[in-house]
Amino acid sequence: MAEQIGIIGLGIMGGAYAKNLSAAGMEIIGFDVDESRFEALGNARVTRASSPADVASKVDRIITSLPNPAALHAVAAEIAGAGNKVIIADTCTLKISDKEAARDVFEKAGVIMLDTPVSGTGHQAAAGDLVVFGSGDEAAFERMRPAFEKMGRLVHYLGEFGTGSKMKFVANLLVAIHNVSSAEAITFGIKAGIDPQTVYDVISTSAGTSRMFEIRGPMMVEGVYDENVSATHRLMQKDLSVILDYAAQIACPTPLLNLAADMHLSAVAQGFEFEDTASVCAVTDRLAGVKR
């Protein structure tokens, strides 16, 4: 019989987890409030559960991939109320205080919650190219490790609960800045009279490259941002607000992140809210008077 694991939330990220874990031989017990997401799972071995509590009644380990604190807290209340002693590995990017509130609800019911955000875009999740930032109960994390190793390329255990989120904030700070710097570089190259494809081909092999340049550069070269979307500006705005809030809590200036946040907000103001965050290049194009 195939090893089973639960996944609650089957959007871009959770759906990718399900496909990769299924391809690795695991059977998924899944739940999502949007039933149409099951159709996008293709041939993945996913048994549809009727509720989060139903998932918890069938497995001893669950991965959550949820869009906001309200969704996490609703899941926590339901699973805690059902009384099943499971391990919950939460992969969302949320305020640490929101995760701690959910953890406290779980703990009262004997459920162990881990803070395990992941670094990577939707496309990287689909390719199994994620990095897991794990924190919380170490023994419980080691129970989850085999699944994480099947859905990502690197798995880090970082210590006490919340440290995973802190590391994710560091990673996303760099993602936001590198996204804007990549856009600025592509626009600068075009303005200088260099074909954008040539800019990408050369810089992606140079010391000036970054993972964001390599991942989002091709979209910036084409100037097409509404196809194969891996992360929208709506998601980016949520993540940026979480990081900036934490930076304020610890009194850490983030001048480059603040500028990058304004550039991403400009993309939202210009109508790109639901398009890929690579569309920040449309903002740098307009600032430079570049017309494709």
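Student: For helix H5, residues 96–108, what span should its 13 residues have at 1.5 Å a residue, and how far apart are its end C-alpha atoms?

Tutor: The expected span of a helix is 1.5 Å times one less than its number of residues. For the 13 residues of H5 this gives 18 Å, and the end C-alpha atoms are 18 Å apart, so the two values agree. Please keep in mind that this is a predicted model.

Student: Which residues of H5 are buried?

Tutor: The general idea comes first. An α-helix has 3.6 residues a turn, so residues three or four places apart point the same way. In H5 the buried residues are Ile96, Asp98, Lys99, Ala102 and Phe106. Because they cover an arc of only 155° around the axis, they lie on the same side of H5. The face turned away from that buried side carries the exposed residues Glu107 and Lys108.

Student: Against what do the buried residues of H5 pack?

Tutor: Their partners are helix H4 (69–82), strand E5 (87–90), strand E6 (112–115), H8 and H11. Just after H5, glycine 110 adopts a positive phi of about 80°.

Student: How many residues has the largest nonpolar core, and which have the most contacts inside it?

Tutor: This core has 32 residues, and those with the most contacts inside it are Ile186, Met220 and Tyr225. At least two residues of the core come from each of helix H8 (163–191), helix H9 (196–203), helix H10 (211–222), helix H11 (233–249), helix H12 (255–272) and helix H13 (280–288). H8 supplies the largest share, seven residues. Isoleucine 186 is in contact with Pro196, Val199, Phe213, Met220, Val221, Cys281 and Arg292, its neighbours within four places in sequence being set aside. A second, separate core has 28 residues, among them Leu21, Ala44, Ile63 and Val155.

Student: How many aromatic pairs are there?

Tutor: A pair of aromatic rings is described by the distance of the centres and the angle of the planes. With ring centres within 6.5 Å as the cut-off, the count comes to five aromatic pairs. One of them, phenylalanine 141 with tyrosine 157, is tilted, with 5.3 Å centre to centre and 40° between the planes. Phenylalanine 141 belongs to helix H7 (residues 138–151) and tyrosine 157 to strand E9 (residues 154–157), so this pair ties together parts that are 16 residues apart in sequence. Phenylalanine 141 is buried at 0% relative accessibility, whereas tyrosine 157 is partly exposed at 26%. Ring pairs also link Phe141, Phe148 and Tyr157 into a cluster.

Student: What are the distance and the angle for tyrosine 200 and phenylalanine 213?

Tutor: That pair is stacked, at 5.5 Å centre to centre with 15° between the planes. Tyrosine 200 lies in helix H9 and phenylalanine 213 in helix H10, so the pair joins parts that are 13 residues apart in sequence. Tyrosine 200 is buried, with a relative accessible area of 13%, and phenylalanine 213 is buried, with 3%.

Student: Finally, where is aspartate 32 found, and what does its side chain reach at 2.6 Å?

Tutor: Aspartate 32 is in the loop between strand E2 (27–31) and helix H2 (36–39), and it is buried, with a relative accessible area of 6%. Its side chain reaches the backbone nitrogen of leucine 10 at 2.6 Å and makes a polar contact of 3.2 Å with the side chain of arginine 37. Not counting residues up to four places away in sequence, aspartate 32 touches Gly9, Leu10, Gly11, Arg37 and Phe38.

Notes. Residues numbered from 1 in each chain as written. Predicted model: local features only at pLDDT ≥ 70, side-chain atom pairs only at ≥ 80, totals over all residues. Heavy atoms only, no water. Helix = DSSP H or I, 4+ residues; strand = E, 2+ residues; numbered from the N terminus. Buried < 20%, exposed > 50% of the residue type's maximum accessible area, 1.4 Å probe, protein only. Polar contact = N/O pair within 3.5 Å; in protein donor to acceptor, adjacent residues only side chain to side chain. Contact = heavy atoms within 4.5 Å. Core = buried A, V, L, I, M, F, W, Y, C linked by side-chain atoms within 4.5 Å. Arc of directions from axis to C-beta. Phe/Tyr/Trp six-rings, centres within 6.5 Å; stacked < 30°, edge-to-face > 60°.
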